[in-house]
Amino acid sequence: MSSGTSKRSEKKKKNKKPTPAKGWRTAETADRHELYELSVQNVDAEVDLVQQFFADLGEGACQRVREDFCGTGQFSAAWAASEENRSAIGIDLDQEVLEWGRERLANRLNEEAQSRVTLLEGDVLEVGGDNVDAVLATNFSYYLFKTRSELKAYFEAARKHLRPGGIFIMDAYGGSESFEEQEEERDLDGFTYVWDQNHYNPITGDVINHIHFRFPDGTELNKAFTYEWRLWTLPELQELLIEAGFSTSQVYWEGTIEEGEDEGEGDGEFKQTRVGEACQGWIAYLVAQP
Ligand SMILES: C[S@@+](CC[C@H](N)C(=O)[O-])C[C@H]1O[C@@H](n2cnc3c(N)ncnc32)[C@H](O)[C@@H]1O
């Protein structure tokens with residue numbers, strides 16, 4: 001595909017929601033974590049992707065995963081729900097988001113499955129534990145490490161948590177529009193999700209992105225979430241993974257819908273390749289092996 005195509009896998013959920021039940025959410029009644037999950041996460045698709053990546057590159061069975069930067073732990077819960085022999089440990093610094101996630105585990109999972117999920121407060125650089133089959137760092141959370149040495153230290157830590165034959169999975173985003181200061185809106189279930197690429201500094205690569213939620217009554221949760229990141233590129237990330245002791249790193253690139261009303265958008269299918277496309281916006285996965 002040529003330069004300028006618009007594969008717009010918006011950050012990040014792509015499955016369409018039913019027609020909004022407009023009017024019932026307002027800034028006052030809305031829960032920002034619930035809206036985040038509805039807007040950004042697609043954990044069932046991510047469970048399938050982890051299975052796919054592991055089947056391609058891992059060795060043995062993928063049962064125990066570690067979800068770094070787990071936030072509400074929605075992926076960890078979905079992983080435990082997906083099969084009875086699966087367990088997850090989620091790690092996040094933020095006690096408030098973890099508490100929100102823990103309270104919802106009872107709604108998401110039966111008692112037995114709940115016992116296979118642990119949501120731990122701590123720094124991903126410091127929390128140890130038994131080795132796992134896969135470590136995940138998704139929704140670009142590791143972009144908060146802004147220097148090569150910080151990011152390399154995180155990659156080294158992630159590698160040490162893997163058992164032999166395990167894999168490290170990260171997502172990444174980019175494309176010509178990722179360097180632009182702009183807002184993207186998506187109408188969802190009674191609210192509008194706004195991805196605000198508010199600031200980009202071409203000298204350092206630093207970006208400041210906000211998520212806002214707007215409601216039919218005109219109210220707004222302005223800056224519901226703010227991310228101060230470095231916009232890393234795939235070659236930088238692959239080089240750093242090798243420097244951090246991984247033996248290989250593969251890029252999984254998303255296919256494109258070829259026709260219909262969503263023509264040019266990502267199709268949710270990721271394949272290993274060494275040749276991407278100069279799209280306006282893309283999301284890819286990196287999978288590294290120790
Ligand atoms: C972009 S959110 C991602 C949430 C979730 N993983 C997802 O996929 O949507 C980033 C999360 O990383 C957490 N975080 C930031 N620095 C961290 C660190 N050093 N160790 C653990 N968690 C951290 C934040 O508290 C926040 O919940």
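Between domain 1 and domain 2 of this predicted model, eight residue pairs are in polar contact, with both residues of each pair at pLDDT 80 or more. Three salt bridges also cross the interface of the two domains. A salt bridge is found between lysine 146 and aspartate 206, where the closest N and O atoms are 3.5 Å apart.

On the side of domain 1 that touches domain 2, at least two residues each are supplied by helix 1 (32–40), strand 7 (192–200), strand 8 (206–214) and strand 9 (220–230). Helix 1 provides the largest share of this side, with five residues. Sorted by class, the residues that domain 1 presents to domain 2 comprise seven nonpolar, four polar and five charged ones.

The domain assignment of the protein chain places residues 32–37 and 179–229 in domain 1, and residues 40–175 and 231–289 in domain 2. The contact draws 16 residues from domain 1 and 17 residues from domain 2. A distance of 22 Å separates the C-alpha centres of domain 1 and domain 2.

The area buried between domain 1 and domain 2 is about 1,600 Å², and carbon and sulfur atoms account for 55% of it. Within domain 1, the residues that lose the most area to domain 2 are His33, Glu37 and Trp229. Together, His33, Glu37 and Trp229 contribute 49% of what the domain 1 side buries.

Methods: Residues are numbered from 1 along each chain as its sequence is written. This is a predicted model: local features need pLDDT of at least 70, side-chain atom pairs count only at pLDDT 80 or more; totals for chains, interfaces and linings use all residues. Side-chain values use heavy atoms; hydrogens and water are left out. Domain bounds come from an automatic or database domain assignment. Contact means heavy atoms within 4.5 Å. Buried area is the accessible area (1.4 Å probe) that two parts lose on being put together, summed over both. A salt bridge is a side-chain nitrogen of Lys or Arg within 4 Å of a carboxyl oxygen of Asp or Glu. A polar contact is a pair of N or O atoms within 3.5 Å; within protein, one must be able to donate a hydrogen and the other to accept it, and residues adjacent in sequence count only if both atoms are side-chain atoms. Helices (H or I, at least four residues) and strands (E, at least two) are DSSP runs, numbered from the N terminus. Ala, Val, Leu, Ile, Met, Phe, Trp, Tyr, Cys and Pro count as nonpolar, Asp, Glu, Lys and Arg as charged, and the others, Gly among them, as polar.
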